[in-house]
Structure formats: C-alpha cells, structure tokens
Amino acid sequence: MKRLLIPLIAATALGCSQKAPEGPLPVIPAPQETNLTGLLSRVDARKALRDGEIECKTDQALPPEGYLLEVERNHVRIVGGSDAGIFYGIQTLLQEAENGGLRCGTVTDWPRYTWRGFMLDEARHFSGKERVKGILDQMARLKLNRFHWHLTDAQGWRIQIEGWPLLTEVGAVGTHSDPEAPAAFYTQEDIREIVAYAAERHIVVVPEIDMPGHAAAANRAYPAFNGGGSPTQPDFTFNPGKEETYAYLGSILREVAGLFPGPWLHIGGDEVNYGSEAWLSDPDVRALMRRERLRTLKEVEGYFLHRMADTVRAVGKIPAGWDDVMDTGMGPAGEVVDWWRHDRPDKLRRAMSEGFNTVLCPRKPLYFDFVQDDSHTVGRKWDGFCPLEDVYAFPDAWYGTWELKEGDMATVLGIQANLWSELTHTPERVDFMVFPRLMALAESAWTLPENKDYGSFSKRMEAEYKRMDDLGINYFDDRDVQRHPEPAGPEIKQRKPQDWKD
Ligand code: TNX
C-alpha cells in the first residue's frame, strides 16, 4: 500500500456535517457516480488542508484511469486503477477543496474515452515553455491526457534536430504574422523538460512533424529536399522523388522518437494537394512514378506516406496522421487518424467501417481557432463557429448528422480540440480562444453522456471563472460578452501566401 503525503489535504480529525450540500459535486469534469453523505466542517477542512495524509493504493480491477475516492470522518482514501487513476482522484479532491470543501461519501469515477486531447500549433506563432507548462497544468486538472504538439509547418520549424542544425537556425525564423521574427524553437533539453513535466501529470505528448506538405520552413533550411509548391503555397512539400529525402526525414524521425517516450509519432499528411502539383514537373518525381508505376499524385503521396509510416514503426512508434492519409491508401494497421474534416462525415464512416483508431477533432465544433461567439471577429467562422455549448454537446449531438450510432464507434479512441495559431500571437489571445472551451472539452471527453448536463456544467463553471480571474487567465466570459473584450488579432506584416481567406 502506498501512502502519499499531500500537504494540502488531511484525513485526520474529520467530522462530517449531517447533510450533504445540495447540487452536484463542484468538480469538472463531472464524475460518473457519487454517493455523498455530508460536508466537512470548515474548521476540520482547514485543519485537513494544513497537515494531512491520504491513503492511496492501486487496484487493477478498476479501469486503468478510474478511481474510487472515499472521504470518511477520519480518513481519505483513493484507490486508483493505476497511478493515473490515483492522480485523477487527487484532482477531484483538490477541486472539491477549492470549491466549497470536502464532501463525505464516495466518488466512483472512470473516463469515457482514453484519448482526451488538446493540440497546440506552435509553428504559426510560438508560445514557449512557460506557457506550454501552464496549459499542461490546466489540462491535468481537467483530466485531459494527450498533448498533440504541432511543431513544424510552413511558418516555422520549432524543434532542434542535432543532425540538421539549420532546421532551427534558419527554419525557426519567422511566424505567421512576421516572416522575419527572430528564431524561436525548443532545444532538445527544453523538449525533455516539457515531456517530463507532462508525464508527471499523466499527459502523453504526441509530437507532430508534418509531411510531405506544410514543409516550407524545413525547405528554407535544406532546399535540397524541396519538392516545390504552388503560387499560394511556395515550397510547400518535401520531394518524394529523391531517395535522399527519405534518409533525411528518417534521421529526423529517429531523433524525434528518442525525445518522446509516448507511443505515437504524428507525421501530418494533411492538405498535400496544396502544393503537390509541382511534383508533376519534377524529374525525380517523374522517374519515381515510372519506376513504381504510380499514376496519380495521390498515389505518389501514398507511396511517400507508406514509407514514412514504416520508418515510424522502425523507430518503435505508432504512426498517427490527419484523416487525409486514408485517401492515399493507408490502411488501419494500428495507426491513429485524426478526423478533422467535419464536412466529410463519409471519411469518418469509412474510418469506422475499416477499423481505424480514430480521434474525433472535427473543425466544428473542436477547432479552437474558430471563434466562440457571434460578436467575435478574429478567428474563423464558416457558416457557424464553435460555441461552448457545442463543445459540450460533442460528440453525441452529432451522431445524427454523421449517420452513426454509438455502437458504430468502437474504434474511436477519443476526442481532441485543436488550436491552430495563425491568429493567436499573444498569451491573451491563446487564453481567449482556449477558455472556457477547454472545460467543456474535458467534460465531453471524460463524462458519460447520461451524466452530462449543461445546466449543471454552467453552475460548476462559476467557480472556474473565479479561479481563472485569480490566475489572470484572459478567458472569454460567455455570461457577459463585454467583460473580457476580444483581444486584437496580429498585424500581419507580410502576409504569406496561404490557403485561407477570412
Ligand atoms: C487546416 S486541420 C489545417 C491547418 C490550419 C487550419 C486552420 C489541418 C490538418 N490543417 O494547417 O491551420 O486548417 O483552421
């Protein structure tokens, strides 16, 4: 039996009041089952908060991330299905303590989904180590457990690769709003620090090295592997016709794999057609097409992605990619696809019928670069946007639109929100787009649909708003849209050619 000292909370001398307070347990995400019998007196709670000890143990009969939390007169006990389960039990206890005191009774809890993710794009604008740690703190508290880190794109390459130093010396220069912004990137030491910080919070970091498209920053550094682009997306692709490209990218992926202990390595694979037409006039690609009998650009893309997925497996990782990879003949060999094209439910149906491990992250409602209120002007709106309520209602409210039922969704691993950072150039803007939607995401990812209730969520959010006020988080206040005005977007110095118009 493990004993865990938690300076904040104690089990000694607990006395329960007669009656449990009305209303739901003040915790986000809402736990699955509670049986509450009373509330600790303020004095006892304060004493408990001063010098306590909690009994913690694991029991493998519980779901791995599940836990049982018992608060009795003189005792607090957490049984977790694993250390992660114990950690989540502690998160519940800490939130209770913050929000009105410890309840006596039991909480029996486990997650709906094993993949509860948030993606941060650091290529378009760089957030940096301290901000990322802050996001990981918020995620952990909300029981989110996957941090998808979009580290490379046309606007910047943000991860040091020892074998290819120009990737950061040259490729890390610039942002979406300022192509001349000084180089900003993570050293390998920074990466190790962040990965360890995440692991302490039971968060797995999923690195993404986007290929063969979205590669212009790398191509600025090493033009030898440039596969060309289009007038609006210059130098967009890696060159799939050159054998050297595979060796180059293979050595990058090997270094990346060594930095991230988690099982997944994401190789992007999105929107390749924005630049792949250039391949038709490239002699090396044409030779490849003849040699391998590839008739179309899609087939070239598939050839490239199959080889890179093999490389990912060879370095000991599970390949992950955006749902576009399914169009190139990639089959479900255990890899993960992120379904993002909300207007293509056929792709989701296909992923389900073919048995792809799928993460649901459709633009609507899970792209946090879309605005969350009609009055907002900085961020995407496409025949609608991504309000808090929609994030909360996800995914169940969409099953009808997708023509799918819960029973069809056996290979859904979970859900994820993505913050693309073209227009989030400051911490204030990141906060404004992420909160309070991150709380709704967490409840949608953790809590079973029968235990979700938007009215209860809104009540429990009151404490969250207070806490965010104390922390100085610049959230969007959906109760009073004037309260935190929308921060201005970036001034785009030299707008780079790109795919989006709004
Ligand atoms: C599409 S989603 C992209 C990103 C953009 C985003 C903006 C995806 C796999 N690719 O490159 O930043 O739209 O919403």
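# Salt bridges, domains and cores

User: How many salt bridges does the structure hold?
Analyst: The structure holds 37 salt bridges, a salt bridge being a side-chain nitrogen of Lys or Arg within 4 Å of a carboxyl oxygen of Asp or Glu. This is a predicted model, in which local features need pLDDT of at least 70 and side-chain atom pairs count only at pLDDT 80 or more, while totals for chains, interfaces and linings use all residues. Residues are numbered from 1 along each chain as its sequence is written, and side-chain values use heavy atoms, with hydrogens and water left out.

User: Which residue forms a salt bridge with Arg-116?
Analyst: Arg-116 pairs with Glu-65, and their closest N and O atoms are 2.8 Å apart. Arg-116 lies in strand β7 (residues 115–121) and Glu-65 in the loop between β3 (54–58) and β4 (67–72), 51 residues apart. Strands here are DSSP runs (E, at least two residues), as are helices (H or I, at least four), numbered from the N terminus.

User: Are Arg-116 and Glu-65 buried or exposed?
Analyst: Both Arg-116 and Glu-65 are buried. Buried means under 20% relative accessible area, exposed over 50%, and partly exposed in between (1.4 Å probe, protein chains only).

User: And what about Arg-483 and Asp-477?
Analyst: Their side chains meet in a salt bridge of 2.5 Å, N to O. Arg-483 is partly exposed at 37% relative accessibility, whereas Asp-477 is buried at 1%.

User: Changing topic, which domains does the chain have?
Analyst: The assignment gives domain 1 (2–109) and domain 2 (115–471); such bounds come from an automatic or database domain assignment. Their C-alpha centres lie 35 Å apart.

User: What is the area buried between domain 1 and domain 2?
Analyst: About 1,900 Å² is buried, with carbon and sulfur atoms giving 56%. Buried area is the accessible area (1.4 Å probe) that two parts lose on being put together, summed over both. Ile-28, Pro-29 and Gln-32 supply 35% of the area that domain 1 buries against domain 2, more than any other three residues.

User: How many residues are in the largest nonpolar core?
Analyst: That core has 124 residues, and those with the most contacts inside it include Phe-118, Trp-149 and Trp-402. A nonpolar core is a set of buried Ala, Val, Leu, Ile, Met, Phe, Trp, Tyr and Cys residues joined through side-chain atoms within 4.5 Å. At least three of its residues come from each of domain 1 and domain 2. Apart from this core lies another, of eight residues, among them Trp-322 and Cys-361.
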